[in-house]
Amino acid sequence: MEANNRGTGRLPAAFLTPGSSSFMDFLGAHSPEMLPGNRRLPEGVVEAPHGTTIVATTFPGGVVLAGDRRATMGNMIAQRDIEKVFPADEYSAVGIAGTAGLAVEMVKLFQLELEHFEKVEGATLSLEGKANRLSTMIRSNLGMAMQGLAVVPLFAGWDEGKEKGRIFSYDVTGGRSEEHGFAATGSGSIFARGSMKKLYRPDLTEEQATTLVVQALYDAADDDSATGGPDLYRHIYPIVTVITDEGFRRLSDDESQELARTVTNRRLEQPDGPRAALL
């Protein structure tokens, strides 16, 4: 029967009647070699482009997720305009840090996972459920992570049940933690987190929250060579996304440019950035 199906171009019955609401489980059962964590690697050290800094912050109306545009390979700049922030579905997004190619594949698989669940179950996963699904996917990549091909994303979205924006961070084993207020991951995260720690307030407006993440990425780029700051000459600016009860929205190129130029112009007066009050 399967041979006949292949000859006529028809899919086997198993493909038309999935037994699980998880696309990842379905793919693992029928084509396990297509899962990122099951790829065979060449012998020796594997050099691959790495994405760097991702930041996020909440505000009363939602959450902002942003990333710089640089990818590195060792001490080289592999790409200057890589995209590291993607919508997961209508009300959530994921920012990638780690092995760039593998991370992009994982994001695409995660998008399919959420879409597959919705079509099979007729309902969307809760934000908590989405965060758990991503945790499982990262854990399945542990073998590659132990060989240096780690993916460590930042996940953010609007929780319709709790009516607020939420942020989740991960480690290479798939361990998940909810972050409160702000979070950062990637090589420049220690500098970005320090910047946000001094500037974050729980009553930020959306405009202030988007400015905050750009300030944090600027500070990360100032101290971390793997993080790229706004490139005014090539017109390359951070990707900034906002998720509210109205859904996912990515700032337009003009909005990102205006925001980055405003921050850069202020840095001409204060190179180390805005000052936080001592008390």
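A residue is called buried when its relative accessible area is under 20%, exposed when over 50%, and partly exposed in between (1.4 Å probe, protein chains only). This is a predicted model, in which local features need pLDDT of at least 70, side-chain atom pairs count only at pLDDT 80 or more, and totals for chains, interfaces and linings use all residues. Residues are numbered from 1 along each chain as its sequence is written, and side-chain values use heavy atoms, with hydrogens and water left out.

Let's start with two helices. Helices (H or I, at least four residues) and strands (E, at least two) are DSSP runs, numbered from the N terminus. The expected span is 1.5 Å times one less than the number of residues.

| Helix | Residues | Length | First to last C-alpha | Expected span |
|---|---|---|---|---|
| α9 | 253–269 | 17 residues | 25 Å | 24 Å |
| α5 | 127–140 | 14 residues | 20 Å | 20 Å |

In α9, the buried residues include S256, L259, A260, V263, T264 and R267. They cover an arc of only 125° (taken from the directions from the helix axis to the C-beta atoms), which puts them on the same side of α9. The face turned away from that buried side carries D254, E258, L268 and E269, which are exposed. In α5, buried residues include L127, K130, R133 and M137.

Now for the aromatic rings. Rings of Phe, Tyr and Trp (its six-membered ring) pair if their centres lie within 6.5 Å; planes under 30 degrees apart count as stacked, over 60 as edge-to-face and the rest as tilted. The whole structure holds three aromatic pairs. F182 and Y200 form a tilted pair, with ring centres 5.6 Å apart and planes at 55°. F182 lies in strand β12 and Y200 in the loop between α7 and α8, so this pair ties together parts 18 residues apart in sequence. Ring pairs also link F110, F155 and F168 into a cluster.
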